[in-house]
Amino acid sequence: MTLTLPAPAKLNLFLHIVGRRPDGYHELQTLFQFLDYGDELTFTLTPGHAGVRLATPMPGVPDDDNLILRAARALETRAGRRLPGVTIAIDKRLPMGGGLGGGSSDAATTLLALNHLWHLGLDLDTLAGIGLGLGADVPVFVHGQAAFGEGVGERLTPAHPPEDWFVVLKPDCHINTGKIFSEEGLTRDTPKIKIAPAFEGDASRYRNDCEDVVRKLYPEVNQSLEWLSQFGPARLTGTGACIFGRFPTESAARIIWESKPSGITGFVAKGVNLSPLHKKLTELE
Ligand SMILES: C[C@](O)(CO)[C@H](O)COP(=O)(O)OP(=O)(O)OC[C@H]1O[C@@H](n2ccc(N)nc2=O)[C@H](O)[C@@H]1O
Ligand SMILES: Nc1ncnc2c1ncn2[C@@H]1O[C@H](COP(=O)(O)OP(=O)(O)OP(=O)(O)O)[C@@H](O)[C@H]1O
């Protein structure tokens with residue numbers, strides 16, 4: 001049996017750092033929305049062969065560190081019994097370390113796919129709990145609904161931001177999340193907002209507290225933000241390196257995309273409040 005499922009990107013439409021936990025992790029307030037663009041994972045049951053293996057290893061990521069295998073193993077441990085073998089092939093489209101949550105999304109898709117194929121019957125809260133052990137962004141991908149995130153992003157309240165179109169640009173640099181969170185100059189004391197539906201539709205109030213530090217350290221990001229800002233508000237997602245601009249229609253987004261400076265990669269995609277993963281799983285039922 002074979003199952004092919006999407007692992008979509010996320011955007012942090014805004015990202016406020018509101019404090020720091022005793023363990024050093026930063027407390028955030030963020031608005032997550034999914035994009036109808038991402039990786040694609042194909043799961044094939046191999047009952048004759050025990051174990052989980054990757055059919056397409058990822059350059060630069062040893063298999064044992066790959067969040068896909070780590071998610072599968074965490075699920076096996078939770079099940080506490082021998083499960084049919086599975087081979088996982090990956091069509092990797094999301095840039096790594098881009099702030100689009102690619103690795104976390106791959107992990108969430110793996111948790112949901114194997115829960116289905118292995119007939120484990122675990123609910124989304126349980127899967128999100130397992131996912132949180134793999135990364136702070138995994139729970140939102142497991143739940144599959146646009147959401148306000150608090151804590152490190154694991155306390156989620158469903159949200160309904162406008163489903164606009166985005167130009168996403170990937171400046172030519174790699175940003176390590178841990179490095180940004182350890183920068184001295186990072187804003188860490190943004191006052192907590194009372195999370196209100198009025199805030200989610202008001203894009204003029206969206207801000208990313210990592211942006212100033214990232215602009216200073218990575219001139220490529222600064223230049224891309226300056227360029228995209230000519231056409232409307234442009235923001236960093238996560239700790240970067242990707243940035244996004246919001247447009248009301250696909251054609252408006254494509255016109256800007258076509259005129260981007262040479263040497264910048266990226267894509268055009270629609271913001272969606274139901275994850276394409278959950279849409280596909282519902283269609284399978
Ligand atoms: C920036 C976001 O993408 C926003 O959605 C996420 O908070 C990042 O979450 P993530 O990718 O799971 O982050 P990780 O790769 O686990 O974090 C790497 C490092 O960044 C720091 N880190 C991360 C998240 C957080 N809320 N506070 C932190 O201080 C920690 O030192 C951690 O060891
Ligand atoms: N399946 C995977 N896909 C991508 N990266 C992975 C995967 N498994 C492990 N990694 C590791 O995780 C790191 C971060 O990758 P990812 O693409 O999730 O970053 P990101 O988009 O910045 O995520 P976030 O927004 O959650 O910080 C990579 O540099 C890589 O070493």
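Strand E7 (residues 165-170) is joined by six bridges to strand E10 (residues 265-272), and the two run antiparallel; strands (E, at least two residues) and helices (H or I, at least four) are DSSP runs numbered from the N terminus. This is a predicted model, in which local features need pLDDT of at least 70 and side-chain atom pairs count only at pLDDT 80 or more, while totals for chains, interfaces and linings use all residues. Residues are numbered from 1 along each chain as its sequence is written, and chains are lettered from A and ligands numbered from 1 in the order in which they are written.

**Strand E7 and its partners**

- E7 also pairs with strand E9 (residues 243-247) in the antiparallel sense over five bridges, where pairing requires that DSSP finds at least two bridges between two strands.
- Six of the six residues of E7 are buried, a term for residues with 20 or more other C-beta atoms, placed from the backbone, within 10 Å of their own.
- Trp165, Val167 and Leu169 point one way from E7, whereas Phe166, Val168 and Lys170 point the other way.

**Gly38 in strand E2**

- Gly38 lies in strand E2 (residues 26-45) and is buried, because 28 other C-beta atoms lie within 10 Å.
- Leaving aside neighbours within four places in sequence, Gly38 is in contact with Pro6, Ala7, Pro8, Ala9, Arg93, Leu94 and Ser105, contact meaning that the C-beta atoms, placed from the backbone, lie within 7 Å.
- Gly38 and Val52 are 14 residues apart in sequence and 22 Å apart in space, C-alpha to C-alpha.

**Helix H3**

- Leu127, Ala128, Ile130 and Gly131 are buried in helix H3 (residues 124-132).
- These residues lie on the same side of H3, because they cover an arc of only 160° around the axis, the arc being that of the directions from the helix axis to the C-beta atoms.
- The cover over the buried residues of H3 includes helix H1 (67-79), helix H2 (102-117) and helix H4 (138-143).

**Ligand 1**

- Of the 18 residues around ligand 1, those that come nearest are His26, Gly135, Gly178, Phe181 and Gly238; a residue counts as near if its C-beta atom, placed from the backbone, lies within 6 Å of the molecule.
- E2 and helix H5 (177-181) are the elements that give two or more residues to the shell around ligand 1.

**A recorded domain**

- UniProt, in an unreviewed entry, places the feature "domain: GHMP kinase C-terminal" at residues 207-257, and such annotations may be inferred rather than shown by experiment.
- Over residues 207-257 the chain is 51% helix and 16% strand, with the end C-alpha atoms 22 Å apart.

Technical notes:
Buried ≥ 20, exposed ≤ 12 C-beta atoms within 10 Å, placed from the backbone. Contact = placed C-beta atoms within 7 Å.
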